[in-house]
Amino acid sequence: MIIEIAKKEIRDAFRNKLFLSILLLLLVLTIVSIILGSFQVKIAMDNYNSSISFLQSLGKAKLPPMPNLNPISASKGFVNYIGMVGALLAIVLGNTAISKEHKNGTMRLILSRGVFRDTFLNGKLLGNLAILAGITILTEIITFVALVAIGGVALTANDVIRLLLFFGMSFLYMTFFTVLSMGIATVSTKGSRALLITVIVWLVLSFVFPQIGDTMDMDNQIPGGFFSSMGMSRDQEHQVLQQFKFYETLRDGVEEMSPTKHYERISYALLNVKPGFETNTPWEVVGLKWINLLGLLAPSIAVWLLTYIAFLRRENIYQSN
Amino acid sequence: MKGLKKTILLLSVLIIMIFLSVSTAFAAESSGTEFSAGFNLSPGENKAVSLFIRNDDVAAHTYSLTAEKSSNSYELYFSANGAAIKKVTVPAGTSSQIDLNISLKGNASANEDKLAVKAVRDDGKENVISLSIVINKDYAISIKGMLAKIDVISGKSAEFTFSVTNNGYKDLKNIKIKPELPYKWFAIQGTESTVHLKPGETGTFTIKVDVPSSQVAGNFEAKFTAVSDEISSSQISIPVTVKTSSNIGLWILGILVLIAGFTLVQFKRNGRR
């Protein structure tokens, strides 16, 4: 039964105009960003090759080593697009999955035919996860093809694993918002209200919390740094920060509550956008950034379990809206 | 006759003055000319040597600056008005001052060295100044980290131990360690302790560094220099890997188990519906 519900969910999604519009927007943005990134890699490669040819024509034997072009960083823009458009897409998917059944009265019909509530939810989730996985795989293929065909670079095994892991994180990130959206739609009696609440929660988690982390940092209060502007030594800076330990913990805690921040941190480390992870293997990066992986996984599991409880205890399902 | 003598004397003074003044100046018009000047450099010392580029042409020119052909290895860069540069544009008929910032990298293999500083004009004319460098070994200090790499949990302290050796011929006084740490990392112990070292002696230092709990996991570099009243060592970098405390993970897992338990209770109480 779960598979049947999932299959219907996939069919329905491709009839949803709002979902298709956002999907199209995401794909266009991804393609443009990957192609531009690949061209940048190609230009860097061409520059290096032409300088090598020039030095060889001068008879130089000692040639400079190839600079680290980091071709996988071409996906850098994708992190931002998934952070915004991908999350919106996931929210629309999750909300529609529940609210359409409410609106059409089909939820009552399905549940009255011996389908357990948890089976119903699991089928819905499975269908939506399959759609998100399909989108992730599609963008993955586009990225690989663009990097090789346009960028003209041969990716190493580590690059390929890093990219695959990065797309895995993108999938987990979108999964969270689908689960959240489904959860809120399950609790709320009105689909439009649920959508609005989910979007507000997304805005808070993705924009307000990370901003609190950045802008409330004491040293970010003045351009050029608060401590250096005040002419403070490192010792004085330490003393001041010691006085604000609770404030700092609170600020960091708020920032850690943002799945977007966790997604950004692990993605930038995997794509080598953030310096310091070049010498690590992809699995070492995941090992170092396990908290970010947990920060993507744990909220989804928690929200999903709470959705079970809310749906199980709900008594007004058979009442008409 | 007297007038002729006076003229010869004046000319001689002028020639001597010109000879002395060109020691640290490029004559940009004379292609391939070599001039020489010299300076002393102690290991660990950062020296700025002023050089002048004169453009006697009627048009402004850009000069590309390089330094090469030395026996020792140096860390060096050119700067003008405090900003690092690789090229300098000199207006017609004027001179520009540039500084060659130089410090010895590692141990000196030659005590007397030469460095060719080349200024290549945009039309290909090349001017070279050969700088003689005398390595002053009266004061020499080296620093070495006891551990090549350090792992630390965010919110905890890391201990760095160093051996500092006086490689010079004279005593070094008030040696201490000067750290250069990532943002919000603070040395909480060991930066105030000082030692005196006689030539050939080695001392050890331990510095305790606080890594803030807000530090996200990753690879960082902590840099340290041994500084005495007389000289400072070259800077060493120690890679530091910051890991996240497993306590946070345990807390999150605990909360998840709690929610899962609560869900099971609900299923048991209400049954599958």
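In chain B, the C-alpha centres of domain 1 and domain 2 lie 33 Å apart, with domain bounds that come from an automatic or database domain assignment. This is a predicted model, in which local features need pLDDT of at least 70 and side-chain atom pairs count only at pLDDT 80 or more, while totals for chains, interfaces and linings use all residues. Residues are numbered from 1 along each chain as its sequence is written, and chains are lettered from A in the order in which they are written.

**Domains**
- The assignment for chain B places domain 1 at 20-135 and domain 2 at 141-244.
- Between them, 4 residues of domain 1 of chain B are in contact with 5 residues of domain 2 of chain B, contact meaning that the C-beta atoms, placed from the backbone, lie within 7 Å.

**Sheet**
- In chain B, 5 strands form an open sheet of mixed pairing in the order β12-β19-β18-β14-β16, where strands are DSSP runs (E, at least two residues) numbered from the N terminus and two of them pair if DSSP finds at least two bridges between them.
- Because β12 (150-153) and β16 (195-197) of chain B stand at the edges with a single partner strand each, one side of each is left without a neighbour in the sheet.
- Strands β18 (residues 218-227) and β19 (residues 236-243) of chain B run antiparallel and are joined by 7 bridges; B:Gly218 has B:Val242 in β19(B) as its bridge partner.

**Contact with chain A**
- Chain B brings 24 residues to the contact and chain A brings 27 residues.
- On the side of chain B that touches chain A, α2(B) gives the most, with 11 residues, helices being DSSP runs (H or I) of at least four residues.

Terms used. Two residues are in contact if their C-beta atoms, placed from the backbone, lie within 7 Å.
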